[in-house]
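Subject: Structure for your review

Dear colleague,

My notes on what was found in it follow directly after.

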Amino acid sequence: MPQSVELKLNGTMIELPVIEGTEHEMALDISKLRAKTKFITLDPGYVNTGSCKSAITFIDGDKGILRYRGIPIEQLAESSTFVEVAYLLIHGELPRPKQLTGFSQRLTWASMIHEDMKTFFSGYPAGAHPMAILSSMMGSLSAYYSGDDDYKNPKQMDLVIARAIAKIRTIAAFSFNKSRGLPFVYPEADLPYCANLLNMFFHKPTRPYHIDPEAVRLMNQLLILHADHEQNCSTSTVRLVGSSEANLYAAISAGICALWGRLHGGANQAVIEMLQRIHKDGGGVQKYIDMAKDKNSDFRLMGFGHRVYKNFDPRATIIKKACRRYLEHVGADDDPLLNIAIKLEDAALADDYFAERKLYPNVDFYSGIIYRAMKIPTNMFTVMFAIGRTPGWIAHWKEMIEAPEFRIGRPRQIYTGPVERDYVPISER
Ligand code: ACO
């Protein structure tokens, strides 16, 4: 592979260095392009644009490969825990036992939110979407922990990381409790992260929650599968907001907003709504396959397709298996939505439209069915995704602010508006 390529522009030859990643992904370094030629590149949707170098997550979308810090997602989902994976993503290596204990302890100590923040929950209307509550509450943490921004101090860095990962779970659980008119359930000091999450969601003073190890294992798996996915929409948002040196809570709050949309994390809610619609309509899937193919319709098969995966999303393969196991475990394997999902997947995979465009089920296609079986309501699905994605957002933010080439993110544009013209007074318009 050449060290650089030559580009001829307006008669001038310039050299663009070639950058090669550890997995042999190739890029042209255009960082001096504008300075030397006055040209910029234009790439709507950033389909061909690398925004950074990163050592966190590797995806090969053609082969269906996903690895965190080099470790295949299949191994992590099978053998690890969410807390261990969070440490791996953020610090680059699997923790040794003492490091894992220290990290887990910090998560426990940091898991309360300021008591005054509890009153915020009463201010939201009854039907408020939990993602609206989550994003504003996460942003509000910066009002309570405003001294958290000495990120060059390793202890301070450890603390702010623990606070973000621990408090997002507490905020999610409190907003879930509030939406059902139930008392807040505080985190327990002796429960690990995922067991604590389930307990905070489902424990009632009158009906204690008995922790189901199968549900805990599944929750670990789901959060691991969502924990990072390199430069996706929400992670790029976290990086961009963080690049202005806004605090971590503000950057995460922005990431939550980016995740909310149905083309990104909001797809898990949209999938269930789509399956419910098909169910109500008699359960036949062909009409919906045809609608998804019809260019005059704005209907898309939610949970299908991915910007990067042009093959099976490896997370979807793991989730599909986990989904069947859990539904059998709780005796819900006759869930009509599961049957519709399977029929829809089979019909889409057999259809040329989807085959030609390499559209396969993504991570969100089956996750909603599992959350439903866990008795988590549909509007909480994207919140679950946000809890899982928080370590990934943090890992990218940390990598960015510690990089020697750190600078504010600021894309350029090609202006297509009117050329210079005079202001016209209102009386003459
Ligand atoms: N249903 C029907 N057609 C689709 C779908 C779909 N779900 N996804 C893509 N296509 C078609 C497009 O219409 C387009 O067809 P054309 O070439 O004839 O115009 C072609 O496939 C390429 O699609 P793009 O929209 O250009 O692909 P892009 O990479 O921009 O979008 C995205 C990827 C947003 C995920 C898209 O596939 C989609 O909308 N999927 C449904 C929403 C979803 O499941 N999102 C979750 C993604 S995973 C995550 O964020 C966690």
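A polar contact here is a pair of N or O atoms within 3.5 Å; within protein, one of the two must be able to donate a hydrogen and the other to accept it. Please bear in mind throughout that this is a predicted model.

The asparagine in α8

With that definition in hand, one may turn to N220, where a polar side-chain atom lies 2.9 Å from the backbone nitrogen of F82. N220 belongs to helix α8, which covers residues 213-226. Is N220 buried or exposed? Its relative accessibility is 12%, and since buried means under 20%, N220 counts as buried. Leaving aside residues up to four places away in sequence, N220 touches T81, F82 and C194.

The asparagine between α12 and α13

N296 is situated in the loop that links α12 (286-293) and α13 (314-329). The relative accessible area of N296 is 76%, and this residue is therefore exposed. Between N296 and W397 there are 101 residues of separation in sequence, and their C-alpha atoms are 40 Å apart in space.

The ligand and its surroundings

Which residues come nearest to the ligand? They are R300, L301, G303, F304 and R307, out of 21 residues around the ligand. Sorted by class, this shell consists of ten nonpolar, five polar and six charged residues.

- H264 places a polar side-chain atom 2.9 Å from a ligand oxygen.
- G303 has a polar backbone atom 2.8 Å from a ligand oxygen.
- R307 has a side-chain N or O atom 2.8 Å from a ligand oxygen.

Taken alone, the ligand exposes 930 Å², of which the protein buries 75%.

The sheet of β4, β5 and β6

An open sheet is formed by three strands in the order β4-β5-β6, with antiparallel pairing.

With kind regards

Note on methods
Residues numbered from 1 in each chain as written. Predicted model: local features only at pLDDT ≥ 70, side-chain atom pairs only at ≥ 80, totals over all residues. Heavy atoms only, no water. Helix = DSSP H or I, 4+ residues; strand = E, 2+ residues; numbered from the N terminus. Buried < 20%, exposed > 50% of the residue type's maximum accessible area, 1.4 Å probe, protein only. Pairing = 2+ DSSP bridges. Near = heavy atom within 4 Å. Areas by Shrake-Rupley, 256 points an atom, 1.4 Å probe, with all protein chains shown as cover. Nonpolar A, V, L, I, M, F, W, Y, C, P; charged D, E, K, R; others polar. Contact = heavy atoms within 4.5 Å.
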